[in-house]
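Let's talk through some ring contacts and the cut-offs behind their labels.

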Amino acid sequence: QVQLVESGGGLVQAGGSLRLSCAASRIIFANNAMGWYRQAPGKQRELVAGITIAGYTNYADSVKGRFTISRDNAKNTVYLQMNSLKPEDTAVYYCKMLNSPYWGQGTQVTVSS
């Protein structure tokens with residue numbers, strides 16, 4: 001069974017930075033596009049950023065220029081570098097293997113004003 005384990009969430013002040021990591025196991029990681037989603041209280045889960053097998057990236061408009069998704073196939077890990085964080089970025093962040101039913105357990109990110 002595929003396992004995706006997120007880490008790196010926490011509490012940060014507005015304007016600060018965090019880096020999320022998602023370690024994958026039991027898959028051929030390099031053969032899968034990966035994505036980061038988030039879900040704030042009372043809101044639907046939304047795609048924040050995605051990265052293809054070839055390394056092409058896409059971002060939600062709300063995070064463009066602030067967040068960067070990257071992957072290290074040797075480490076079976078995908079990252080989300082989050083800079084200039086805002087209170088509205090507060091959410092549970094989930095890693096997902098795109099085009100599959102596999103999700104991580106989520107990691108909480110809280111940005112205080």
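A charge sits over a ring if NZ of Lys or CZ of Arg is within 6 Å of the ring centre and within 35 degrees of the ring normal. This is a predicted model, where local features need pLDDT of at least 70, side-chain atom pairs count only at pLDDT 80 or more, and totals for chains, interfaces and linings use all residues. Residues are numbered from 1 along each chain as its sequence is written, and side-chain values use heavy atoms, leaving out hydrogens and water.

Q: What makes arginine 45 a charge over the face of tyrosine 94?
A: Arginine 45 lies over that face at 3.7 Å from the ring centre, and the distance limit is 6 Å.

Q: How many aromatic pairs does the structure hold?
A: Two. Rings of Phe, Tyr and Trp (its six-membered ring) pair if their centres lie within 6.5 Å; planes under 30 degrees apart count as stacked, over 60 as edge-to-face and the rest as tilted.

Q: Why is the pair of tyrosine 37 and tryptophan 103 called edge-to-face?
A: Their centres are 4.9 Å apart and their planes stand at 65°, so the pair is edge-to-face.

Q: What about tyrosine 94 and tryptophan 103?
A: This pair is edge-to-face too, with 6.2 Å centre to centre and 90° between the planes.
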